[in-house]
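Please look over the sequence and the model first, then read on.

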Amino acid sequence: MGKIYDTIDARLTRFLLDQPVFFVGSAPLAGDGHVNVSPKGMSGTFAVLGEHQVAYLDYTGSGAETIAHLRENGRVTMMFCAFGGPPKIVRLHGRGRVVLPTDPDFDGLRSHFPKERVQGQRAVIVVDVHRVSDSCGFSVPLMDLRGDRDLLDRYHERHDTDYFDEYHLTRNATSIDGLPALPGM
């Protein structure tokens with residue numbers, strides 16, 4: 001049976017930080033809009049900032065759905081699954097905000113992430129968590145981690161700042177539903 005927690009305590013923090021992948025779910029307000037679920041990974045890109053706040057370092061990718069949804073309505077759910085050890089799923093429900101590299105809060109938030117690469121980073125996503133729950137995870141498969149993929153790192157390293165500025169304008173400016181995502185950065 002699932003449990004609801006008052007806070008993200010030390011035990012939950014350890015669980016969250018130990019998971020090599022998590023999933024971020026968001027949706028537009030429009031009933032006919034697309035619900036989005038994004039897998040997130042790469043060591044050093046997730047942080048617990050407090051008992052009711054987490055964040056992840058967001059790198060340039062093919063879409064900007066989560067950013068657009070957060071800018072429109074802030075609703076977000078993050079899900080962490082144990083693929084090794086005891087079965088467990090933890091969901092963090094909250095309101096998120098997008099902190100861009102040009103925002104005054106960015107550098108302070110960025111300091112929470114051990115991931116050193118800055119090429120291609122586009123935002124820190126901060127989530128104020130209002131509900132923390134777990135469930136059994138009995139049907140989640142056991143899997144072994146072979147390591148992080150370095151493809152995104154290598155791809156970003158081959159491009160300069162102008163490339164990312166253009167990419168954000170042409171491919172990350174709006175969601176698939178036409179909501180504003182990244183402003184010209």
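## Charges over rings

The charged end of arginine 117 lies over the ring of tyrosine 59, 4.2 Å from its centre. Lysine 88 has its charged end over the ring of phenylalanine 15, at 5.9 Å from the ring centre. A charge sits over a ring if NZ of Lys or CZ of Arg is within 6 Å of the ring centre and within 35 degrees of the ring normal.

## About the model

This is a predicted model, in which local features need pLDDT of at least 70 and side-chain atom pairs pLDDT 80 or more, while totals for chains, interfaces and linings use all residues. Residues are numbered from 1 along each chain as its sequence is written, and side-chain values use heavy atoms, leaving out hydrogens and water.

## Helix α1

Helices (H or I, at least four residues) and strands (E, at least two) are DSSP runs, numbered from the N terminus. Helix α1 spans residues 10-18. Aspartate 9 caps its N-terminal end: a side-chain oxygen lies 3.2 Å from the backbone nitrogen of arginine 11.

Leu12, Thr13, Phe15 and Leu16 are the buried residues of α1. Buried means under 20% relative accessible area, exposed over 50%, and partly exposed in between (1.4 Å probe, protein chains only). Seen down the axis of α1, the buried residues fall within an arc of 165°, so they line one face of the helix. That arc is taken from the directions from the helix axis to the C-beta atoms. These residues pack against β1 (3-5), β4 (46-50), β6, β7 and β8; contact means heavy atoms within 4.5 Å.

## Helix α2

Helix α2 (residues 65-72) is mostly covered, with six of its eight residues buried. They are Glu65, Thr66, Ile67, Ala68, His69 and Leu70. Their cover includes β2 (22-26), β3 (36-40) and β5 (53-59). It also includes β6 (75-81), β7 (89-99) and β8 (121-135). Glycine 74 follows α2, and its phi is positive, near 80°.

## Aromatic pairs

How many aromatic pairs does a search of the whole structure find? It finds seven. Rings of Phe, Tyr and Trp (its six-membered ring) pair if their centres lie within 6.5 Å; planes under 30 degrees apart count as stacked, over 60 as edge-to-face and the rest as tilted. The rings of tyrosine 163 and tyrosine 167 have centres 5.8 Å apart and planes at 40°, so this pair is tilted.

Both tyrosines belong to helix α5 (residues 161-171), four residues apart, or about one helical turn. Tyrosine 163 is partly exposed, at 22% relative accessible area. Tyrosine 167 is buried, at 10%. Elsewhere, ring pairs link Phe22, Phe46, Tyr56 and Phe80 into a cluster.

Conventions. Polar contact = N/O pair within 3.5 Å; in protein donor to acceptor, adjacent residues only side chain to side chain.
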